[in-house]
Amino acid sequence: MSRSRQKSLTPRQQVVLAIFRQSSIPLTPQEAWEAAIRDSPGIGLATVYRAVRILTEAGELRPVEIADEIPRYEMASGPHHHHFYCRKCTRIYEVHKCPPRLDDLVPQGFKMDDHSIVLYGTCRSCLGDRATTD
Ligand SMILES: [Zn+2]
Ligand SMILES: [Zn+2]
């Protein structure tokens, strides 16, 4: 992230960006707002939505769109990773492993320049919840 671009952000936008920077999982604007009001009481949900849109257009955030879920957002500058979607709690987790030999999947004569992978299933805490209630 360039320093000059950050300087043009409003204080509220910087608060919102900091929420995403500190989060280990992608967040909806609603979730970002719930975190933001702890540090900035009085910040409005509409303000957070607008900040997310502006930060996305500025290339600071990127959307993570999975299944029928409303988009979450994460830092665009983060390290390469994939996502695990828990069908039970609908949270999205980061996966920091990359499968080898993806080139084998590319059709002959095509050139791959990027990839994204979403794993679907049940997260550990949801599996644990089920184990104790079943
Ligand atoms: Zn879960
Ligand atoms: Zn990868």
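Predicted model: local features only at pLDDT ≥ 70, side-chain atom pairs only at ≥ 80, totals over all residues.
Biologist: Which protein atoms are the donors of the zinc ion (ligand 2)?

Modeller: The donors follow the spacing H-x1-H-x15-C-x16-H along the chain. They lie 1.9 to 2.1 Å from the zinc ion (ligand 2). They are His80 (NE2), His82 (NE2), Cys98 (SG) and His115 (NE2).

Biologist: What is the arrangement of the 4 donor atoms around the zinc ion (ligand 2)?

Modeller: Four donors count as tetrahedral if all angles lie between 85 and 135 degrees. Around the zinc ion (ligand 2) the 4 donor atoms subtend angles of 102 to 117°, and therefore the arrangement is tetrahedral.

Biologist: Which protein atoms are the donors of the zinc ion (ligand 1)?

Modeller: Here the spacing along the chain is C-x2-C-x33-C-x2-C. The angles among the 4 donor atoms are 103 to 118°, and the site is tetrahedral. Lying 2.3 Å from the ion, the donors are Cys86 (SG), Cys89 (SG), Cys123 (SG) and Cys126 (SG).

Biologist: Where do Cys86 and Cys126 lie?

Modeller: Both residues are buried. The pair ties together parts that are 40 residues apart in sequence, because Cys86 lies in strand β3 and Cys126 in helix α5 (residues 124-133).

Biologist: Is Arg72 buried or exposed?

Modeller: Arg72 is found in strand β2. Not counting residues up to four places away in sequence, Arg72 touches several residues, among them Pro26, Leu27, Glu31, Arg62 and Ile92. A residue under 20% relative accessible area counts as buried. The relative accessible area of Arg72 is 5%, so Arg72 is buried.

Biologist: Which kind of aromatic pair do the rings of Tyr85 and Tyr120 form?

Modeller: The count comes to 1 aromatic pair. Tyr85 is in strand β3 and Tyr120 in strand β5, 35 residues apart. Planes over 60 degrees apart count as edge-to-face. The ring centres of Tyr85 and Tyr120 are 5.8 Å apart with planes at 75°, so the pair is edge-to-face.

Methods
Residues numbered from 1 in each chain as written. Chains lettered and ligands numbered in written order. Heavy atoms only, no water. Donors = N, O, S within 2.8 Å, 3.2 Å for Na, K, Ca; no water. Tetrahedral: all angles 85-135°; square planar, octahedral: opposite > 155°, others 65-115°. Helix = DSSP H or I, 4+ residues; strand = E, 2+ residues; numbered from the N terminus. Buried < 20%, exposed > 50% of the residue type's maximum accessible area, 1.4 Å probe, protein only. Contact = heavy atoms within 4.5 Å. Phe/Tyr/Trp six-rings, centres within 6.5 Å; stacked < 30°, edge-to-face > 60°.
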